[in-house]
Protein chains: 2
Amino acid sequence: MENFILYNPTKLHFGKHIINDLAKVIDNYGKKVLLIYGKNSIKENGIYHQVKVQLKNINAEVFEYGGIKSNPVVEDVDAASRLGRNSNVDVVLAVGGGSVIDSAKIISITIPVFHSAWDFYSGLKKPLKAVPLVTILTLAATGTEMNSFAVLQNHKTKQKLGWGNVMCFPRHSFLDPQNTFTVPKNYTAYGIADLIAHCLEAYFGKGDASLSDKIVVSIIKEAFDNGPALLNDLKNYELREKILYASTLALNGITTAGRKGGDWGVHDAGHILSLLFDIPHGASLTIVYPAWLKLMKDRTPERIAQLGKELFGVNTSDYTITKFEEFFKQIECPVRLEEAGIGKEQRQQILDTMILNNVSGMNHKLSRDDLSLLLDLMEK
Amino acid sequence: MENFILYNPTKLHFGKHIINDLAKVIDNYGKKVLLIYGKNSIKENGIYHQVKVQLKNINAEVFEYGGIKSNPVVEDVDAASRLGRNSNVDVVLAVGGGSVIDSAKIISITIPVFHSAWDFYSGLKKPLKAVPLVTILTLAATGTEMNSFAVLQNHKTKQKLGWGNVMCFPRHSFLDPQNTFTVPKNYTAYGIADLIAHCLEAYFGKGDASLSDKIVVSIIKEAFDNGPALLNDLKNYELREKILYASTLALNGITTAGRKGGDWGVHDAGHILSLLFDIPHGASLTIVYPAWLKLMKDRTPERIAQLGKELFGVNTSDYTITKFEEFFKQIECPVRLEEAGIGKEQRQQILDTMILNNVSGMNHKLSRDDLSLLLDLMEK
């Protein structure tokens with residue numbers, strides 16, 4: 001193993017009607033609450049109402065910032081931070097999926113300062129304090145509810161970057177599987193793809209960590225065992241809870257213990273597709289992963305084959321790659337660029353933006369030639 | 001799944017020479033340090049010296065309490081707490097195995113009060129604050145380095161009890177596999193048995209939690225895969241690190257997510273054997289577990305068989321029980337009372353003490369008749 005730190009101070013509240021514990025938790029931090037959310041879906045499915053009831057129970061003063069985009073942008077984060085700063089809020093409450101919670105993390109560290117949130121991403125500034133953050137998750141996917149990372153995009157600089165800091169851990173995250181019932185089939189599938197991708201990023205990180213390997217396999221198995229059934233039964237509580245918990249564990253630190261973090265080359269590349277064509281994050285990953293595995297087939301054949309052995313009982317890299325691609329197809333995710341409506345005429349723009357964003361991978365570094373090969377494999 | 005909270009604020013520092021980061025961590029809390037340890041083994045193997053060098057680097061004022069017993073007693077905890085209180089210490093630093101760290105947890109909450117630590121165990125008092133606790137682990141076994149529990153015994157009341165409180169989480173725990181090199185073969189085996197027992201306690205807790213099941217199986221597999229090899233190669237770093245990390249994960253909360261905690265009936269019974277005959281904790285568990293599994297064979301046959309299927313590929317409860325008993329024998333742990341020198345003439349005393357201590361189990365409750373049957377099976 002590599003030397004490692006295992007640290008995760010987020011308190012996860014998981015289960016049916018768990019939101020009933022929200023008021024007490026918020027009240028520990030204060031009465032002035034900055035409420036962050038995305039589209040109006042939380043108003044339609046009743047979650048917004050439940051939250052407001054909890055906040056009313058403690059006579060909270062609520063400042064709202066809605067409209068966070070599904071690929072969140074720095075402009076929203078800066079505007080919400082101004083609202084929080086001017087209102088002198090005690091706590092930030094994020095209600096939504098990955099984009100809302102990612103934004104709220106950065107809002108919570110931007111409220112105390114007087115510069116753009118992007119200065120953290122560019123490395124110009126370091127966060128020194130954070131307003132406490134509480135989250136209510138409505139989508140099983142990114143794992144952001146129990147980690148310190150956030151992805152943000154900046155259209156001016158043509159960047160979509162992941163970044164993290166210990167200050168960004170939510171203090172509490174509330175996960176009720178019922179809150180994911182109204183997620184449509186396609187986004188449920190993208191979430192399943194995302195959690196599997198997180199496991200793979202961990203698995204292909206640097207370092208020999210046999211127990212973390214076993215845990216990666218456990219989480220992927222959980223997704224394989226329950227994902228397809230869930231897509232045919234979207235309001236099944238037991239299946240929703242299994243996928244929801246799997247998505248949290250897939251990126252809360254437990255998969256990379258004993259490694260120098262994960263690889264993240266596929267996520268880097270996927271972010272470019274989302275940045276340029278606004279395609280959902282999970283869908284970008286199902287396009288990139290099969291291509292990346294094929295590119296890596298001769299570079300790390302034993303690792304790919306070992307994964308297949310544990311998951312499918314067959315010890316060859318070709319079979320492993322085929323099974324992953326088949327699974328992504330089975331859950332109706334795109335596995336080639338053209339299935340996401342991206343034509344060959346976009347190739348140069350994709351490549352240029354990948355290079356501008358330093359798309360690479362922490363362990364299996366990707367050269368410019370590799371990125372070109374990766375694009376070939378995404379087109380084939 | 002059952003509703004659950006997943007929360008663990010301990011920061012784990014794991015790896016070779018990780019103790020070099022100790023000075024900086026201690027200095028964050030202050031200069032007055034209460035150093036807790038057990039026997040003189042840490043002086044013989046050099047760990048004591050390394051710690052003192054780190055503390056000297058920050059000009060710390062060190063107050064020492066050594067001599068914590070391997071089955072720790074409330075008298076030591078109360079005496080060390082007085083020392084810490086009178087010296088107005090800023091931080092407690094525990095260097096040792098489970099008994100030392102368990103004691104230090106209770107010391108850290110007893111320093112701020114003016115009553116015996118046992119008042120927490122008896123339920124008379126609740127802790128309101130804690131002196132920050134940092135630990136350096138020297139034995140892979142109990143998992144105490146990353147949880148909020150502590151076991152303590154009181155010979156006056158004839159009790160050995162486990163108890164926990166959120167205030168008892170260590171702030172930081174330092175785990176260098178090299179610090180476990182000098183643990184002798186028998187205690188290394190008891191530690192392996194202990195971590196497996198923790199996984200089993202979780203597995204037999206109340207609730208259906210498929211991903212936690214998979215993680216339990218992963219950790220037991222890690223112990224089965226590497227434990228016997230380690231016993232023949234006690235200074236092998238890679239094997240020590242695998243067992244050390246497995247022992248931490250076996251009781252840091254990740255195995256019981258989605259359950260109402262674990263069962264703990266076997267631990268309850270094992271504690272009685274340690275209390276009465278001072279036998280090592282891990283050895284008490286390898287005597288009780290085979291008997292308990294046999295007692296449960298008709299009560300929860302599917303769960304036992306399922307465990308065997310995942311671990312050994314054979315789906316019967318008899319085979320599963322045999323394999324666990326064989327493993328405990330293979331690592332040279334006792335599996336019957338007489339192998340630990342406990343004769344039939346002790347039977348009534350054991351039974352009476354079990355009843356006095358309310359030995360039962362949280363999920364699979366044990367009646368007085370069950371305890372008698374359990375003793376039969378430990379004798380056979």
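**Helix α4 of chain B**

I looked up the buried residues of α4(B) and found V74(B), D76(B), V77(B), A80(B), S81(B) and G84(B). Buried means that 20 or more other C-beta atoms lie within 10 Å of the residue's own; exposed means 12 or fewer, and partly exposed is in between, with C-beta atoms placed from the backbone. These residues cover an arc of only 155° around the axis, which puts them on the same side of α4(B). The arc is taken over the directions from the helix axis to the C-beta atoms.

I note the ground rules here. This is a predicted model, where local features need pLDDT of at least 70 and side-chain atom pairs count only at pLDDT 80 or more, while totals for chains, interfaces and linings use all residues. Residues are numbered from 1 along each chain as its sequence is written, and chains are lettered from A and ligands numbered from 1 in the order in which they are written. Helices (H or I, at least four residues) and strands (E, at least two) are DSSP runs, numbered from the N terminus.

Next I checked the packing. The buried residues of α4(B) pack against β2 (32–37), β3 (61–65), β4 (91–96), α5 (98–110), α6 (118–121) and β6 (149–154) of chain B. Contact requires C-beta atoms, placed from the backbone, within 7 Å.

Then I checked the length. Helix α4 of chain B holds 14 residues (74–87), which at 1.5 Å a residue should span 20 Å; the end C-alpha atoms are 20 Å apart, so the two agree. The expected span is 1.5 Å times one less than the number of residues. Just after α4(B), N88(B) takes a positive phi of about 55°.

**The sheet**

I traced an open sheet of twelve strands with mixed pairing. Its order is β3(A)-β2(A)-β4(A)-β5(A)-β8(A)-β1(A)-β1(B)-β8(B)-β5(B)-β4(B)-β2(B)-β3(B). β3 (61–65) of chain A and β3 of chain B stand at the edges, each with a single partner strand, so one side of each is left without a neighbour in the sheet. Strands pair if DSSP finds at least two bridges between them.

I also looked at one pair in chain A. Strands β4 (residues 91–96) and β5 (residues 133–137) of chain A run parallel and are joined by five bridges. V95(A) has I136(A) as its bridge partner in β5(A).

**Positive phi in loops**

I looked up N358(A), which is not a glycine but has a positive phi of about 55°. N358(A) sits in the loop between α14 (347–356) and α15 (368–379) of chain A. N358(A) is exposed, with 10 other C-beta atoms within 10 Å.

In chain B I looked up N59(B), also not a glycine, with a positive phi of about 50°. N59(B) lies in the loop between α3 (47–57) and β3 of chain B. N59(B) is exposed, with 8 other C-beta atoms within 10 Å.

Technical notes
Two residues are in contact if their C-beta atoms, placed from the backbone, lie within 7 Å.
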